[in-house]
Amino acid sequence: MKKLIAFLFFIALTAAQGVQPEMAVAHVKACYIYNFSRYIEWPENYRQGDFVIDVLGGSPTILSELAKMAASQTAGSQKFQINNIISVDKIGKCNILYIPSNKSVEIKKAVLKLKVSSTLIITDDPGSTKLGAAINFVVKDNRQKFELNRNNAQKSKLVVSSNLATLAILVE
C-alpha cells in the first residue's frame, strides 16, 4: 500500500513539473491505468497473451503516454498492447477500454457490447459509472483522482484490491 501511495504521489509531482498541462494529465492517467493493471485481477482467460488496452476515438495524448508506458512496463508476465479503436463496433477482447470525454456518447453502446466480457471500462465523464463504467477519472481539489464502482467491476468478474479501493472515490 505504501508503495502504491508513494508511486501515485511521485506521478503527481512529475506531472506538475514543466510539462504541458494536457500531456501532464495524460501522463497521470496512463500511470493510473498502469496501476489498475497491477491492482485489479482479471479472470484466468484474460491473463494470457498480451494485456490489451483499447482507447476509443484515438486521443493522441493518452495514446502517446500509454505507448511510453507499454515500452518499459508489463502487466505481470503480459506485454502491453495499446490499440486505437475508431468505433465501438471495432472493440475486440481487451483487458481495459478507455473512453475519453470526447467519446462519452459511446459509453452506453460500449457497456452493452462488453456486457459479458471481463473488460475494465474507464471513462472521463461525470456519471458514467452509473452507465456501467467501473472507473471514471475526475478532478477534485485540483488533483486527478478516480471514482470506482465496485459493483460494475464485479459484474465483469474483476477483483479490485482493497489497497486500490482505499485510494478511490467509491460510488455506486
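These legends walk through a few close-up views of a predicted model. Local features need pLDDT of at least 70 and side-chain atom pairs count only at pLDDT 80 or more, while totals for chains, interfaces and linings use all residues. Residues are numbered from 1 along each chain as its sequence is written, and side-chain values use heavy atoms, with hydrogens and water left out.

**View 1. The sheet has eight strands and is open**. Its order is β3-β4-β2-β5-β6-β7-β8-β10, with mixed pairing. β3 (74-75) and β10 (169-170) sit at the edges with a single partner strand each, so one side of each has no neighbour in the sheet. Strands (E, at least two residues) and helices (H or I, at least four) are DSSP runs numbered from the N terminus, and two strands pair if DSSP finds at least two bridges between them.

**View 2. Strand β5 (residues 96-99) is covered on both faces**. Ile96 and Tyr98 are on one side, Leu97 and Ile99 on the other, and all are buried (under 20% relative accessible area, 1.4 Å probe, protein chains only; exposed is over 50%, partly exposed in between). In a regular strand, side chains alternate between the two faces of the sheet.

**View 3. β5 runs parallel to β2 (residues 51-56)** **and to β6 (residues 120-123)**. Three bridges join β2 to β5, and Val55 stands opposite Tyr98. Four bridges join β5 to β6, where Leu97 faces Ile121.

**View 4. Asn151 lies in helix α5 (residues 150-155)**. Asn151 counts as partly exposed because its relative accessibility is 39%. Its C-alpha atom is 7.1 Å from that of Glu172, 21 residues apart along the chain.
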